[in-house]
Amino acid sequence: MPGKLKVKIVAGRHLPVMDRASDLTDAFVEVKFGNMTFKTDVYHKSLNPQWNSEWFKFEVDDEDLQDEPLQITVLDHDTYSANDAIGKVYIDIDPLLYSEAATVISGWFPIYDTIHGIRGEINVVVKVDLFNDLNRFRQSSCGVKFFCTTSIPKCYRAVIIHGFVEELVVNEDPEYQWIDRIRTPRASNEARQRLISLMSGELQRKIGLKVLEMRGNAVVGYLQCFDLEGESGLVVRAIGTACTLDKLSSTAAFLPACNSPSKEMKEIPFNEDPNPNTHSSGPSTPLKNQTYSFSPSKSYSRQSSSSDTDLSLTPKTGMGSGSAGKEGGPFKALLRQQTQSALEQREFPFFTLTAFPPGFLVHVGGVVSARSVKLLDRIHNPDEPETRDAWWAEIRQEIKSHAKALGCHAVVGYSESTSICEEVCILSASGTAAVLNPRFLQDGTVEGCLEQRQEENLPAGCGFCHIPYDELNMPFPAHLTYCYSCRKQKVPDVLFTTIDLPTDATVIGKGCLIQARLCRLKKKAQAEANATAISNLLPFMEYEVHTQLMNKLKLKGMNALFGLRIQITVGENMLMGLASATGVYLTALPTPGGIQIAGKTPNDGSYEQHISHMQKKINDTIAKNKELYEINPPEIPEEIIGSPIPEPRQRSRLLRSQSESSDEVIELDLSHGKKDAFVLEIDDTDAMEDVHSLLTDVPPPSGFYSCNTEIMPGINNWTSEIQMFTSVRVSRLSNINLTNQTLNKNFNDLCENLLKSLYFKLRSMIPCCLCHVNFTVSLPEDELIQVTVTAVAITFDKHQAVQTTKTHVEKSLQRASTDNEELLQFPLELCTDSLGPHPFSPAKEHLESASSNSGIPAAQRAVSVEKASPLTEGHFRQRSAPACANSTVGVVKMTPLSFIPGAKITKYLGIINMFFIRETTSLREEGGVSGFLHAFIAEVFAMVRAHVAALGGNAVVSYIMKQCVFMENPNKNQAQCLINVSGDAVIFVRESELEIMSTQQPIASCQPACGGGEIAT
Amino acid sequence: MTNELDIFVGNTTLIDEDVYRLWLDGYSVSDAVGLRVRSGILEQTGATAGVLQSDTMDHYRTFHMLERLLHTPPKLLHQLVFQIPPSRQALLIERYYAFDEAFVREVLGKKLSKGTKKDLDDISTKTGVTLKSCRRQFDNFKRVFKVVEEMRGSLAGNIQQHFLLSDRLARDYAAVVFFANNRFETGKKKLQYLTFGDLAFCAELMIQNWTPGAVDSQVDDMDVDLDKEFLQDLKELKVLVADKDLLDLHKSLVCTALRGKLSVFPEMEANFKNLSRGLVNIASKLTHTKDVRDLFVDLVEKAPGPLGSLHGHAAQLPPAHVPRLRPRSPDARPACPLLGPAAKGGGGRGIPGQPRSSPPRSARSPGPGARTSRPQPPSAPGRLPPGPGSGPSCPVEWGGGGTGSRAGQGNPAPRGRS
């Protein structure tokens, strides 16, 4: 009997009219948890009922607490007929189960109905009294924290990173039960929503148990997915990384040293630059490093952070005791031995993290991926998870062996996905093979001298690029050179990874979003034949996607891809491949050669001319891109000999040749013997098309950048304005003459136009960067392609480049003072705002003051009230910010990133994992498919925000829309959509506030007003 | 390949002010796209027409969804579906409730009924405002009217509270409601020269001085209807024309008050009898609903005087005064309400010097000769002409200062009691 759940229903507002006669509603509420139900009194004739109920108490097992959602149903009382349901609220009480997260859930929740959408709001208070349970055989795992964030959460420190946890549960899909034929769509949708909520609770509990078994206390990078298999069932599966986390003390958390990661990575080296004395004893005192422990947010003492820099500064101060070139080999071997032992105990040495504590990642091998095609109707025992478990185990095994082949013992940035069409299912897994530092994988006992030296000797910023595999025994043909920054170790010519750019990596210029898009027609077929056809197509698709990525990367003048995500989607008559990644220029890797076009019939004069024309275009594009992304690597005198690859190996049309140095690409001549270029041989129209398509990608308009990683390489002066958005497009292909070419072009256009639209929509935010651009493709029907994009636009300061000489303290002081000035400039407004009960008065005041300031003659001023607003919009945005504090609805930010620019996350409140179904039988009346989905997505956002606000949070980080399944039947005027979203609810505090708090006590009272305002973006 | 579905949803709802304006103006999506293309946005941003189309559709869809909430602005503040910064919410509401001068002049004083709504096509053709926009404006009037019609308390205050409008706009709506409720005829050709600002100014003064709310701030419909008792009392003003002594007394009082403050003082003085008679005649008939409706027509038609020839011919006024007579800004609007009649009325009865110095409503001091009971004819000069001080006769007081708030200015004549 370990828990008591207490629920109080306070009030409702904006309820729909349920009684046409009186235009009012007689509402009451049912509160259900598990099998127990309580009811409030009926509040007669009101659209804003005040129930103010007693505390409804549920005494339940903690197992149930974890599995079950709290169900709140609002109904309209009807004396004569059945009560009409107005809508429901599901509340996941999981955040209340761990001690550090939220203590109470209290707030206004939208009342949601699967047919009508949001219908008013209800104010609910939920509390949990948890009793300690020491039962060793318990089935619950209360207290294990879950994070969607794929890095160590900001206010925690990783003590140990245990490794991979996964779980999978299966159930019958209510939509496919016989009873579905006779029940209403609403009942069916609700059954489904409830079931999934229950299954995710169960899944989370089971994963929690595994974590406890591993003696961890948290799951980071938790990714939960649904597979709607149809007849064979509904699968909920999740993967994550078990960790032992330590909360950083709050005093440290309030030091200005806490920063958004973008700043951190720049500033840490600078901090120490002016006073190199601090590490004079650096490499020679390994003892010092014993105390040193990493965590992503640097919020411990000065001492330890200086030891951080020992690591990063070693290359500058010389190689210390020995060159890594000599010692690297044995070290590597030893290291490998040690880590191997640490990892061998694990079945799958996988990590869902994409960003790591410094020092964790030693080498990166490259992307590993595996796919497998399965037939769902061949599952023996569909209600049991065994078959799926076996499938996934098989794939993971494959990934593991791929990683081994690359000389790596672990896989990082690991993720899994499925694509289902009828009875065919493609299971995919991918990750980045890597060598890890074992120190984080075990308890602190192994911290030996060896490792320390290893760390010291590894030059920062390029270590991860060095090949982990054996040079003589390479798993794939690659061209190796000596590292361009340390010159000691070998590096490949290009590097593909699924992780974020490591914070210590040095890049030149900015990054950019690179996408490869591909369609392949396939014959409609049944079962086995279909699966075979798909299996046969897959390798070709993978290959072409890879080629496209490579070409585009070269065209951008870059040499590495981060955050690579390849999605293959299966439809009735086609396969779609979409790969997104962020290209960067890593200083450690060689300069990419250009792209050369080789004609097949060199004797034809006009053809030759055409080719040379194309070549020129390509060269121009490369030059332009280099300028655009500010890629200007220093010329390094070439002195090293790349390990010779026996022969420029020919892989179909793709020739790879020696790439040694890079002279200006523009100077490239057409001589075929030239050694530094990537040769594209044009032998047929297909290849022509390919080259053309390479050149059709338009760069974003000036002031815009985009990437699919957390942060944009090369930009670090973010300002605080963020705008998260979801955009969905469904395109119908004209059925005539569908060929691979037209299909490719259509798909390409669809994606390009979507991006263009985004740039246009967000033009008011320029200069800004679209971060974490996440494309999802699905093929809901024969001729329909659905593309869903979720991303966040973040503004940055173009002019104020981060000044390298300025130490952080100076900067923060300066910032504090400017903030202060700003505040003092409008002290009156701040005060009146916080007093004024009317939310609009401030805005007006600002307007007035703005226009009177600007010296408009008084007589004309007033008439301009209306006209003035667009003009003074700038004022509006900045000055009217304090008005927010008065607004009754708190602003909740949402972002797919793990941080909020310019702010410090002070508390994680728990995971948000929500699943909604919306259905309509009056599609036209709701504005067609667009109107329907637009409203639904807006409602989903609203419900996420409401839950976060009820937990006491003001933002969702690592937000992700994992599923958006949209089905329509315009003939029947019907549509249905399923959406699954998740993220971490957090409380954040603006950095400016933190600083002011510490430096500006007198005006501290104005804080809330100003803070509330700044959130309003 | 066609896009069947194309949406963009931001965590913070994106609002493009230009598109909002086009939507409010009632343009269809394709017209709006055309207008945007012509504005040169494609060249500025390098976007394609397709992008613009999609963007416009998206905004229109958002506005369409917001419209339901805009009908009850407090809901917009409390709803959870659209996260909109307060300054933007204010902008949305203010723009949604803004109306066209041309349109409001057509509808002002008409019953806000279905019948009038049917005539909106004609109004649309006549004014050049799209039918859609006309409908929105008409529905706004009607909605505001319905909500505040039976409410206690200050009319403008109620409107502001329930529709979260700016002070300025709330007062304009108060005028619209007041006119609609009393059905004042304003559409006659003779009245066409009056702007909405002129009439709104009159409405404001009438609300302040002629309604039950002027005497008691806690009655129903206090600002919406005219005070019946007061209109009844006005009949007694006849004595001012009939009784020679009183006429002379009245004249001397008025002339004393106005001397040196009126540019047309000599004419006023010379014609005082005629002026007074005309106004008193109008005043005494106001007990009949029909005559109330024709108040403005009568003032223009039947109040004779030296300025009669200036009716509707602002251009003939001394050039120096003209700029001040045109409504340059909301605050400047009072400059010319009821150009002619007000001047005459003002000349005859008002105390033009009073307006600016008159105390605000709350601290009203008894006017000259005030009594504690119902104001008697000689003591109620300020009540009749709504805008005595605002005529061309005393532009100095009005045109010059735009800084003072209207609350202070718009109280030309102290009521007889407090």
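Predicted model: local features only at pLDDT ≥ 70, side-chain atom pairs only at ≥ 80, totals over all residues.
**Salt bridges, a buried cysteine and an open sheet**

Both A:R237 and A:D227 are buried. A:R237 and A:D227 form a salt bridge, with 2.8 Å between the closest N and O atoms.

The side chains of B:E4 and A:R732 meet in one, at 2.8 Å from N to O. Here the pair crosses from strand β1 (residues 2-10) of chain B to strand β27 (residues 718-732) of chain A. B:E4 is partly exposed, with a relative accessible area of 27%, and A:R732 counts as partly exposed at 30%. Elsewhere, a network of salt bridges links A:K761 and A:R763 with B:D16, B:R36, B:D55, B:D58 and B:R61. Over all chains, the count of salt bridges comes to 44. In general terms, side chains of opposite charge can pair when their charged atoms come close.

Chain B can next be taken as a whole. Its secondary structure comes to 26 helices and 1 strand. Chain B has 418 residues, of which 59% count as buried. Among its contacts between residues at least 6 apart in sequence, 73% join residues at least 24 apart. Chain B exposes about 16300 Å², and carbon and sulfur atoms supply 52% of that area.

Back in chain A, where does A:C408 lie? A:C408 is found in the loop between α8 (386-405) and β14 (410-421) of chain A. With a relative accessible area of 4%, A:C408 is buried, because the cut-off for that class is under 20%. Neighbours within four places in sequence aside, A:C408 is in contact with A:G365, A:A403, A:A433, A:A434, A:V435 and A:P468. A:Y469 is 61 residues from A:C408 in sequence, yet their C-alpha atoms are 7.2 Å apart in space.

The last stop is a sheet in chain A. It is an open sheet of 4 strands with mixed pairing, in the order β30-β32-β33-β31. Its edge strands are β30 (893-894) and β31 (903-920) of chain A, each of which pairs on one side only. In general, strands of a sheet pair through backbone hydrogen bonds, either parallel or antiparallel. β31(A) pairs with strand β33 (residues 974-990) of chain A in the antiparallel sense, over 16 bridges. Within this pairing, A:E919 has A:Q976 in β33(A) as its bridge partner.

Helix α2 (residues 185-213) of chain A packs on the sheet and touches β31 and β33 of chain A, its direction making about 145° with that of β31(A). Helix α20 (residues 928-950) of chain A lies across β30, β31, β32 (955-969) and β33 of chain A, and runs at about 145° to β31(A).

How values were computed
Residues numbered from 1 in each chain as written. Chains lettered and ligands numbered in written order. Heavy atoms only, no water. Helix = DSSP H or I, 4+ residues; strand = E, 2+ residues; numbered from the N terminus. Buried < 20%, exposed > 50% of the residue type's maximum accessible area, 1.4 Å probe, protein only. Contact = heavy atoms within 4.5 Å. Salt bridge = Lys/Arg side-chain N within 4 Å of Asp/Glu carboxyl O. Areas by Shrake-Rupley, 256 points an atom, 1.4 Å probe, with all protein chains shown as cover. Pairing = 2+ DSSP bridges. Axes fitted to C-alpha atoms, helices over the stretch in contact; angles between N-to-C directions.
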